[in-house]
Amino acid sequence: MASSCSQALRHHVCKSSRILRVHLQKAWPNRSFVLNPAADQQPAVSSPEEEIVIPKKKTWSKEAVLQALASTVNRDPTASDYRFQDDPYLTPKTSSEFKLFSLSQESGRNAAKYFISTYPKYFQKDYAQPHIPCLMPETLEAQIEEVSEAALIERIQMRKVKAAVDLYDQLQQAGTPVSLDVTNQLLDLICFYGDCDPAQENVPEQRNEETVGQENTLSHNKRSPCLVFSFRENNNAERIFALLSEPNTHSYSALIRGMVKYGAYSKAFSTYTDLLNNQLKADVSTFNALITAAPEVKEKYNEKWELIVDLLKQMAEQKVKPNLLTLNAVLKALRRCGTVGKSQAFPVISEMRALSIDPSLASYNHLLSIFYKPGHKGQTDILQEVMNEVSGKSFTPQDPDDACDPVWHLSLQCLDTKDIEQAYRVHELLGVGENWRLLGNDFQQNIYHARFFSLLCMMENIDVVLKWYRDLVPSVYYPSSNVMRDLLQALDTDNRLDLIPQIWKDLKQLGHGNRQTLVEELLTLMAREKQNQEVQETFAECALDIKKMYDTGDRGKVMMSWTAGSLSDLVSVLLAAQRRQDAWEILKLFKTHNRVPSEELLDKFLTCIKESGDVNQALELVQISAGFCLPGTPKLIQRVQQEFLLSEQQK
């Protein structure tokens with residue numbers, strides 16, 4: 001029964017659909033599409049020449065989803081920096097707290113890495129997905145104890161320079177041959193780290209009298225003694241190189257790069273001559289190192305450039321293709337070539353571009369160093385050209401010099417020109433991709449934002465300044481007292497002093513509430529001109545709040561001391577708001593803090609007393625003036641006698 005019902009229902013539906021299709025075809029004869037049954041459709045015939053290309057499988061990285069999610073959000077100007085959101089209670093609100101929090105966080109991270117590296121057996125479980133290598137313990141102890149080439153490779157990979165050299169010597173004494181590839185790896189290690197073990201990160205320093213005494217002489221190199229290594233005679237690199245029966249290009253390249261890195265420039269060129277005498281060809285890294293060393297072996301500018309050109313010609317003869325590091329090495333050398341550098345920099349870039357080598361951030365930094373000198377007028381054209389080249393591009397480090405803060409230098413050089421449009425272009429460049437990461441560390445980012453915001457205060461109207469102020473502070477920048485003073489001057493220039501109470505709240509939050517010069521300037525601005533009554537009321541509340549800072553200080557910080565000017569300004573603000581009693585209490589502080597009020601202030605106070613007709617207070621004011629032995633006391637007495645009704649006793 002059920003089967004027959006379902007068949008009848010299907011027959012009815014099919015019949016209805018055919019009737020509907022017929023009606024639609026009759027109603028829309030001119031339509032470009034026709035509802036035809038599948039049986040009536042002719043299959044598309046593909047031409048025999050067309051070939052179906054199956055695309056290759058797209059392999060996504062394990063971080064692809066995280067990267068996609070990260071691209072959907074922007075920085076929240078109302079929130080603190082992302083590094084501090086794990087602990088909202090300790091989120092810094094001032095520049096000093098920001099520094100303390102950052103250093104504490106870094107110290108804790110280093111302590112954790114130290115314990116992981118010291119006790120790796122307790123941290124073998126990997127919970128991270130995807131795997132994060134830097135969170136797992138490193139292998140610090142060699143696993144292969146026997147004297148073999150495998151043990152040598154292990155020590156090279158662990159960057160144990162002295163242990164690798166000792167093991168190599170043991171292999172030589174035992175007559176065990178070491179392959180040329182492994183020997184070249186050892187040479188690379190020795191020449192990179194300078195014949196000594198690299199400094200271990202996150203290891204507590206052992207401080208004693210000897211190390212403390214050496215801190216001043218080696219302060220800039222205290223992280224690693226390898227930085228002061230020089231290529232002495234018969235060092236391990238040269239000794240091992242001399243033991244090679246047939247050194248190849250890699251062997252010479254490692255030795256030459258090590259010599260250039262540690263200042264043995266003449267030796268590097270002599271070794272290069274030996275390479276040519278042995279009928280070998282240098283590789284591109286060797287030429288890059290020699291180009292870097294060229295300015296060190298010649299004195300005159302033209303001789304330096306001729307040596308660089310000769311090296312480039314030899315590259316062409318040996319069919320060695322230059323790379324980006326070659327371009328940067330030439331530009332870096334041209335910085336030491338004076339006027340010759342200015343004449344050859346752009347032709348070099350043009351030649352490299354013809355070889356499909358585009359400049360990197362370090363290239364532009366070298367270019368600016370050649371042409372642009374801060375403070376010299378008429379040299380801003382090169383800045384404009386560089387900005388035209390880099391605007392809208394997202395950069396990633398391609399050269400070791402790209403990590404030497406070229407974006408930071410470019411930003412400061414553009415801000416030095418006081419060109420607001422150029423400043424906006426620089427800030428826009430930092431917002432492209434991950435360019436902001438190339439701005440440098442927290443200290444350098446703070447300097448950039450301070451210069452940028454100070455320029456805004458100088459060149460823009462107050463509405464634009466406040467827009468940037470709310471966007472930057474405190475999510476990415478904690479302004480100093482000098483920058484806040486620039487903001488106060490911008491408020492004064494645009495006659496927006498009504499915003500001072502709001503700025504005062506920010507000053508306290510940013511830890512500048514005890515900056516005496518800043519507070520006194522703020523009081524002076526409030527006392528200079530009389531505003532409408534509503535604004536004067538907010539000024540009075542702000543002034544009384546400032547008085548509390550003088551009385552109690554700010555969480556144990558150095559308390560401010562009252563000056564005659566700050567007391568006078570405070571009294572003037574309160575008098576303008578018709579708060580005579582509060583002003584009277586402040587006036588008494590002159591005697592308490594051994595400060596002398598001005599005659600103008602007392603005249604202003606007497607005028608305010610006259611409006612209320614308080615004779616007794618007027619007489620007390622005269623007594624205060626007489627107590628300070630002010631020369632204007634007789635005039636004050638005369639005013640009281642003329643403007644107030646005095647009894648015989650009061651007269």
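Helix α11 crosses helix α12 in a right-handed manner, meaning that the near helix is turned clockwise from the far one by less than a right angle. The model is predicted: local features need pLDDT of at least 70, side-chain atom pairs count only at pLDDT 80 or more, and totals for chains, interfaces and linings use all residues. Residues are numbered from 1 along each chain as its sequence is written, and side-chain values use heavy atoms, with hydrogens and water left out.

**Overall make-up**
- The chain holds 29 helices and zero strands, where helices (H or I, at least four residues) and strands (E, at least two) are DSSP runs numbered from the N terminus.
- Of the 651 residues in the chain, 39% are buried; buried means under 20% relative accessible area, exposed over 50%, and partly exposed in between (1.4 Å probe, protein chains only).
- Among contacts in the chain with a separation of 6 or more, 66% involve residues 24 or more positions apart, a contact being heavy atoms within 4.5 Å.

**The α11 and α12 pair**
- The axes of α11 (residues 284-297) and α12 (residues 301-317) come within 8 Å and cross at roughly 165°. That angle makes α11 roughly antiparallel to α12.
- Axes are lines fitted to C-alpha atoms, for helices over the stretch in contact, and angles run from 0 to 180 degrees between N-to-C directions. Angles under 35 degrees count as roughly parallel, over 145 as roughly antiparallel, 65 to 115 as roughly perpendicular and the rest as oblique.
- From α11, the residues V284, F287, L290, I291, A294, P295 and V297 meet K304, L307, I308, L311, L312, Q314 and M315 of α12.
- The residues of this contact divide into twelve nonpolar, one polar and one charged. Ala, Val, Leu, Ile, Met, Phe, Trp, Tyr, Cys and Pro count as nonpolar, Asp, Glu, Lys and Arg as charged, and the others, Gly among them, as polar.

**Salt bridges**
- The count comes to 20 salt bridges, each being a side-chain nitrogen of Lys or Arg within 4 Å of a carboxyl oxygen of Asp or Glu.
- R239 and D169 form a salt bridge through their side chains, at 3.0 Å from N to O. R239 lies in helix α8 (residues 236-243) and D169 in helix α5 (residues 161-173), so this pair ties together parts 70 residues apart in sequence. R239 is partly exposed, at 30% relative accessibility.
- D545 and K508 form a salt bridge, with the closest N and O atoms 2.6 Å apart. The pair links distant parts of the chain, D545 being in helix α24 (residues 533-552) and K508 in helix α22 (residues 500-509), 37 residues apart. Salt bridges that share partners join D463, R496 and D498 into one network.
- R437 pairs with E434 in a salt bridge whose closest N and O atoms are 2.5 Å apart. R437 is exposed at 52% relative accessible area, while E434 is partly exposed at 41%.

**Backbone features in loops**
- The peptide bond from V473 to P474 is cis, with omega near -5°. P474 lies in the loop between α20 (462-472) and α21 (481-493).
- K319, a residue other than glycine, has a positive phi near 60°. K319 sits in the loop between α12 and α13 (324-334) and is exposed at 75% relative accessible area.
- K418 is not a glycine either, yet has a positive phi of about 60°. K418 is placed in the loop between α17 (406-416) and α18 (420-430) and is partly exposed at 45% relative accessibility.
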